[in-house]
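Hi,

Here is the structure I promised to pass on. Have a look at it, and then read my notes on the strands and helices below.

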Amino acid sequence: MNDMTVTRRFSVVGVVAPAVLTAAALGTQALWMGDLPAPVAIHWGANGADGSGPAWAYLLITLALGFGLPAWLWGTGLPRLRRGARGWSFRFLAAIALGMSAFAAVAMTWAVGVQRGLESWTDAPSIGGAFGACAAIALMLGFIGWAVQPKQKAVFDEIAVDEVTLAEGERVVWLGTAKSGPALVAAIILAIVLVGAAAVASWVAGSFGAMWAFIGLALVLSILAMAMLEADVRVDATGVEVRGPARFPRIAIALEDIASASAINVEAIGAFGGFGWRRVPGAQGVIMSSGEALRIERVNGPDLVVTVPGAANAAAVVEALKARA
Amino acid sequence: MLLRIDTTSEESLFEQVATAVRTAIAQGEARAGDRLPSARELADSLGVNVHTVLHAYQELRNEGLIDLRRGRGAVVTEVGGAIAQLNRDIVELGKRAKALGMSPATVVALVKASL
């Protein structure tokens with residue numbers, strides 16, 4: 001498949017098709033707005049409709065759910081693809097976008113359609129079965145969206161590696177720290193603070209079960225954040241080691257298991273689908289930021305990619321150690 | 001941060017470790033507040049005795065470049081950070097001296113005289 005095909009199919013699956021679906025859904029819903037009770041049912045429980053709201057909420061939800069991700073892909077994914085970035089997650093996100101917008105379009109339009117001509121929102125019939133069918137349609141379209149796009153092998157531009165030569169009898173260690181960018185740190189802290197606030201709110205409301213659930217969630221988030229935000233990288237005569245705070249998680253590769261080391265520029269979202277300790281076909285990633293990364297190709301097994309400042313230097317040390325071994 | 005020592009050198013190992021860390025600090029590879037690896041870990045990586053590294057760390061602490069705190073390990077001090085700035089000035093000095101066609105010996109003599 002040539003490069004044009006990758007970009008074109010990505011935009012058809014991830015942007016154009018969702019836009020068409022969303023527009024059709026919005027158009028249909030708008031036509032039916034006059035025939036609806038006011039307010040309309042917007043939430044269903046086990047015993048039928050149990051929540052109501054204004055009819056325009058459907059338009060908003062359809063737009064947000066149906067065109068939120070596609071708009072983001074259009075704004076950030078497409079330009080990056082055009083600049084030559086490649087990665088399985090572009091393909092994946094486009095397929096997800098199609099599935100999600102299919103679900104939003106069909107399910108929301110269905111929920112509006114069944115309420116035409118009703119006296120009151122409480123008369124709204126159950127839509128559980130229809131939602132199941134919508135989920136199936138969404139899944140199917142998602143799969144189709146994935147299948148029609150060509151396979152994307154992540155491409156990285158290599159950074160020139162420094163030159164390090166080691167004399168006989170010289171001992172060397174390279175140490176670096178992979179750190180997250182401030183935006184990511186802020187987002188995680190905000191998430192923890194919000195969950196903490198939810199715990200306090202539950203306590204005030206006297207709902208202790210919820211309070212403990214939120215406290216547990218805050219703890220899990222904190223632990224995840226610690227593992228996500230920083231990793232130490234060490235290169236020495238034994239090989240390469242990457243480890244999180246508290247020595248966990250940890251990946252170590254012995255020098256003799258290393259085929260080659262290089263430095264590359266990594267697009268976190270494109271190549272690894274996000275940040276943290278990640279596994280994608282063909283590579284393990286310790287991805288704290290986009291940018292400079294050390295890539296270790298194993299003799300046998302997936303590559304290891306770690307975003308760390310000074311990666312070119314680290315790669316040079318690995319190569320020097322290998323050359324002397 | 002790249003630390004290298006030479007086991008065939010005449011210079012003592014602890015002095016070499018101290019010099020390597022000092023250079024890393026001066027070059028801004030380890031900044032104020034950065035944590036250095038534990039003595040145990042660095043000793044393992046360099047294949048030297050843990051006491052050699054501890055000795056080097058103590059020397060750096062006496063120079064005020066690092067703090068040694070129980071539980072937190074070795075941390076680069078503000079002084080260490082300031083030295084990195086000084087090193088940038090020195091690099092600048094070197095560039096200007098070169099542009100003026102001064103010999104390294106003259107520059108060194110001038111710097112020595114100013115101390």
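**Strand pairing and helix packing**

In this predicted model, β8(A) and strand β11 (residues 291-298) of chain A run antiparallel and are joined by 8 bridges. Within that pairing, I264(A) has A293(A) in β11(A) as its bridge partner. Strand β8 (residues 258-266) of chain A is also joined to strand β3 (residues 157-159) of chain A, again antiparallel, by 3 bridges. There, I159(A) sits opposite A263(A) of β8(A).

Now to a sheet that draws on both chains. Its 5 strands form an open sheet with antiparallel pairing, in the order β7(A)-β6(A)-β5(A)-β4(A)-β1(B). The edges are β7 (250-254) of chain A and β1 (2-6) of chain B; each has a single partner strand, so one side of each is left without a neighbour in the sheet. From one strand to the next, the twist averages 10 degrees.

From chain B, helix α2 (residues 39-46) lies across β4, β5 and β6 of chain A together with β1 of chain B. This α2 helix of chain B runs at about 130 degrees to β4(A).

Best wishes

Terms used:
Residues are numbered from 1 along each chain as its sequence is written. Chains are lettered from A and ligands numbered from 1 in the order in which they are written. This is a predicted model: local features need pLDDT of at least 70, side-chain atom pairs count only at pLDDT 80 or more; totals for chains, interfaces and linings use all residues. Side-chain values use heavy atoms; hydrogens and water are left out. Two strands pair if DSSP finds at least two bridges between them. Helices (H or I, at least four residues) and strands (E, at least two) are DSSP runs, numbered from the N terminus. Axes are lines fitted to C-alpha atoms, for helices over the stretch in contact, and angles run from 0 to 180 degrees between N-to-C directions. Contact means heavy atoms within 4.5 Å.
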